[in-house]
Amino acid sequence: MWCRQANGIKGRTCLSFSSKDTIAAVRATHQPVKKRQRKRDRRPTWAADLSWEDRLASVVTPLWRLTYDEQLEVKQKHQEKILEQLCEGGKITFPVLPILPSPVRDGYRNKSTFSVNRGVDGNPKTVGFYVGKGKDGNIVCVNGDHLPNMPEKHKQVARRYQEFIRRSSLQPCLLLHDGGHWREVTVRTDAAGNTMAIVYFHPQGLSREEVAAHREDLAEFFANGAGSACELDSLYFQESAMTRCTREDSPYQLLFGHTHIYEQFRIHFFRLSEYSYAGLQLPHLSGRILPVHHRVIRALRSQPAIRRLVYVSCKSEGEAMRNFRELCCAPDPKRKLQGDAFSPSLAVPVDMFPHTEHCELVILFER
């Protein structure tokens, strides 16, 4: 059983390896400069007659207008274009299997964070997602009821939270330095439908007794009031005067329910051959999720017993492509890349996030 706490880890990098066959590396990010440039190039150009809901959907789920088969075709072609960079002349020389579709196409998110800000009607107590840019002063908070990747349970919690803060005598905290108290709400669900909500609150100049009174109102609303329709299994509350706050700085306070929700994972992967583990010493990397560190690539290259490895990436361009090239280039003493080069022998795109442009890519490298 897997247990994720209220301030659970957002993701992780996973490496598995064997002397005969296997390595899996998850999560690659872009180079900062290129990433910023890509974002500029991909800013949506909205027609004047698009509704705010359609504008939001175009940002969060940009492929939502396409049929699912069309979405898969778009992702297949994009991954093939990326793989062309690994081959001389830009022509792929190894098999690329058809993209594996997601078994769940709608409502698959297990975590959603809803912001609080001014809505289309100008009400500052609107719970949803931002459309627009802060520097342009045109931010609008739009509810996410129409987003296809959002579970109904998450939408329900957002609607009830909006109802609660609109009843509250306290104002929302739109800017940390500008007063107000009610902030965003995070909702987590597991496959069994168990639901945890975490409400963030800026205490400003309230006394401990005043904060406690509003905290109790929140708990009563979701336990016995209109919010009870959400059937929350856990409700947490965190006071924070910062944009981001660790649980050490400000502990999560359980208002009611279970301390944790649980999820059981079943991971199915390619069977490349029998696993036998080697004593390969890899650097320990902590902090934010990064592509495979160049020292890991050097270590893999220098181990002649490793003949086959699998690289799993959720962003195969950018830094992941640097990993691919270091695995496949000729030995380079200046860069400490020793040992025979690997070559890509098979690739499989995997769709895990329908309606978005995100796509996993699994590549088998051999030497």
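Okay, let's start at helix H6: the cover over its buried residues includes strand E10 (308-313) and helix H7 (319-328). Contact here means heavy atoms within 4.5 Å, and buried means under 20% relative accessible area, exposed over 50%, partly exposed in between, with a 1.4 Å probe and protein chains only. Helices (H or I, at least four residues) and strands (E, at least two) are DSSP runs, numbered from the N terminus.

Quick housekeeping. This is a predicted model, where local features need pLDDT of at least 70 and side-chain atom pairs count only at pLDDT 80 or more, while totals for chains, interfaces and linings use all residues. Residues are numbered from 1 along each chain as its sequence is written, and side-chain values use heavy atoms, with hydrogens and water left out.

Back to H6, residues 294-301. Which of its residues are buried? Val296, Ile297, Ala299, Leu300 and Arg301. Towards H7, His294, Ile297 and Arg301 meet Arg322, Asn323, Glu326, Leu327 and Cys328. As a reminder, an α-helix has 3.6 residues a turn, so residues three or four places apart point the same way.

The H6 and H7 axes, lines fitted to C-alpha atoms over the stretch in contact, with angles from 0 to 180 degrees between N-to-C directions, come within 10 Å and cross at roughly 25°. That makes H6 roughly parallel to H7, since angles under 35 degrees count as roughly parallel.

Now the cores. A nonpolar core is a set of buried Ala, Val, Leu, Ile, Met, Phe, Trp, Tyr and Cys residues joined through side-chain atoms within 4.5 Å. The largest has 33 residues, and Tyr161, Trp182, Val185 and Phe222 touch the most other members. Apart from that one there's another core, of 23 residues, among them Leu83, Tyr311, Met321 and Leu361.

Next, His154, which sits in helix H4 (residues 152-167). Is His154 buried or exposed? Buried, with a relative accessible area of 0%. Leaving out residues up to four places away in sequence, His154 touches Arg109, Asn110, Lys111, Ser112, Phe114, Val187, Arg188 and Thr189.

Gln204 isn't a glycine, yet its phi is positive, near 45°; Gln204 is in the loop between strand E6 (195-201) and helix H5 (208-223), and is partly exposed at 31%. Glu231, also not a glycine, has a positive phi of about 50°. Glu231 lies in the loop between H5 and strand E7 (234-239) and is exposed, at 58%.

Last thing, disulfides: pairs of cysteine sulfur atoms within 2.5 Å. The count is zero. For Cys329, the nearest cysteine sulfur, that of Cys328, is 8.0 Å away.

Technical notes:
Angles under 35 degrees count as roughly parallel, over 145 as roughly antiparallel, 65 to 115 as roughly perpendicular and the rest as oblique.
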